Amino acid sequence: MAITTYNVKDKRYGLAEQTAWGTAIADAGAFQEIDCEASEIKADVKYRETPGSHATRNMTYGDISADQKGSLPKISLSGEAKQEELDYFLHSVMQSVNEGVGTPFSKSFVFPVTQPDFTAIASIASIGQILTLVERFPAASTSKKIADVIGSSLTLSCAPGERLKYAAELVGRGTTSFISNPSGTWTRAAAEYYHWEDLDRFTINFGAGAVAVVPVGPFEITLGGDVMGVGQDGAGNVQALHALYNRTMTFSMTINRDNATQTAKTNWAVGTAITVNIGWGNASPGTVDGDLDFAFTGKIESVEDTNEDILGTTISGRIVAPDAATVPITIILANALDRTW
């Protein structure tokens, strides 16, 4: 008997922007093929047991049922950040972007004051972003697909000698299709990355102006929060998604042990705020293709000296805003692609 086997390398992962809430991109549609480690869509199947006595001490078929009512399927994706992929993940979790009108099509991401009404999305240009995501298997009609996907968490990290990496947690709405059969064009982004050695800016402002620091270990920025289903649509699904209502933003960086680390300890001990800027590319972010810039304010929660060959200090804390009228973090990316956002 012939046996067909597959390898993890046979799978593919693709996403596409939806133009309407509740309407997944068709299998024949075009998808962005994502570079990521192997993962799995976790279908939110509800397993339910019915209490009762039926003249037997054994469970019977009628005591157990399954459905996907109110399901919020999830998937975790991780890999090296590409210039023509990262903007999708940033948009999915931050849900607010201002895109430039000409090349290099700068994209400035912030968290909005109020979240978008995902149910009102009428085109890619609408405020907010929802995605269709496919876990593609090689055999026909065996792929998994979920719709109305948004980001619940995004971690970006980079270490000496490496390239910027991402780890994204995505949440969809509704039933998971187990019989998707993708047939449209899948496009893989060019091999354009953010190398550690190409970092152009790494500064901390402790209150007296930006000070250039020397990173000797990894840095990490995490953006995220909670996603909750709200209401019902009469067809077995939640009506809407309340996104990132417990918003959490953190940072961590390891810098050379010098005067800057002493200043960090002083700020930490008295709760003084800091401003951080980390960036690749032009000093005016978003003006050159390939730019990526992180600018945020925050407070230090811990300062720990390291015991590596090169002594360093790891500074960790929360990304927080100075006041209610000021955004805590702005991320600017330019990749010469017009997303019509």
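**Salt bridges.** I searched the whole structure, a predicted model, for salt bridges (a side-chain nitrogen of Lys or Arg within 4 Å of a carboxyl oxygen of Asp or Glu) and got 20. Before going on, I note that residues are numbered from 1 along each chain as its sequence is written. The ground rules for this predicted model: local features need pLDDT of at least 70, side-chain atom pairs count only at pLDDT 80 or more, totals for chains, interfaces and linings use all residues, and side-chain values use heavy atoms, with hydrogens and water left out.

**Lys145 and Asp27.** I looked up this pair and found a salt bridge at 2.8 Å, N to O. Lysine 145 sits in strand β9 (residues 143-158) and aspartate 27 in the loop between β1 (12-17) and β2 (31-33), so the bridge ties together parts 118 residues apart in sequence. Strands here are DSSP runs of E, at least two residues, numbered from the N terminus. Is lysine 145 buried or exposed? Lysine 145 is buried, at 13% relative accessible area; buried means under 20%, exposed over 50%, partly exposed in between, with a 1.4 Å probe and protein chains only.

**Arg173 and Asp233.** These side chains also meet in a salt bridge, 3.8 Å from N to O. Arginine 173 is in the loop between β10 (165-171) and β11, and aspartate 233 in the loop between β16 (227-230) and β17 (240-243), 60 residues apart. Arginine 173 is buried at 9%, while aspartate 233 is partly exposed at 34%.

**Glu301 and Arg318.** Here I read 3.4 Å, N to O. Glutamate 301 is in β20 and arginine 318 in β21 (residues 312-319), so this pair ties together parts 17 residues apart in sequence. Both are partly exposed: glutamate 301 at 45%, arginine 318 at 41%.

**Strand β19.** I checked residues 273-280 next, and six of the eight are buried. β19 runs antiparallel to β13 (residues 199-205), with six bridges, and antiparallel to β20 (residues 292-305), with eight; strands pair if DSSP finds at least two bridges between them. Isoleucine 204 stands opposite valine 276 of β19.

**Inside.** Which residues touch the most other members of the largest nonpolar core? They are Leu164, Phe219, Met253 and Ile329, in a core of 70 residues. A nonpolar core is a set of buried Ala, Val, Leu, Ile, Met, Phe, Trp, Tyr and Cys residues joined through side-chain atoms within 4.5 Å. I also noted a second, separate core of five residues, including Ile25 and Trp186.

Note on methods. Helices (H or I, at least four residues) and strands (E, at least two) are DSSP runs, numbered from the N terminus.
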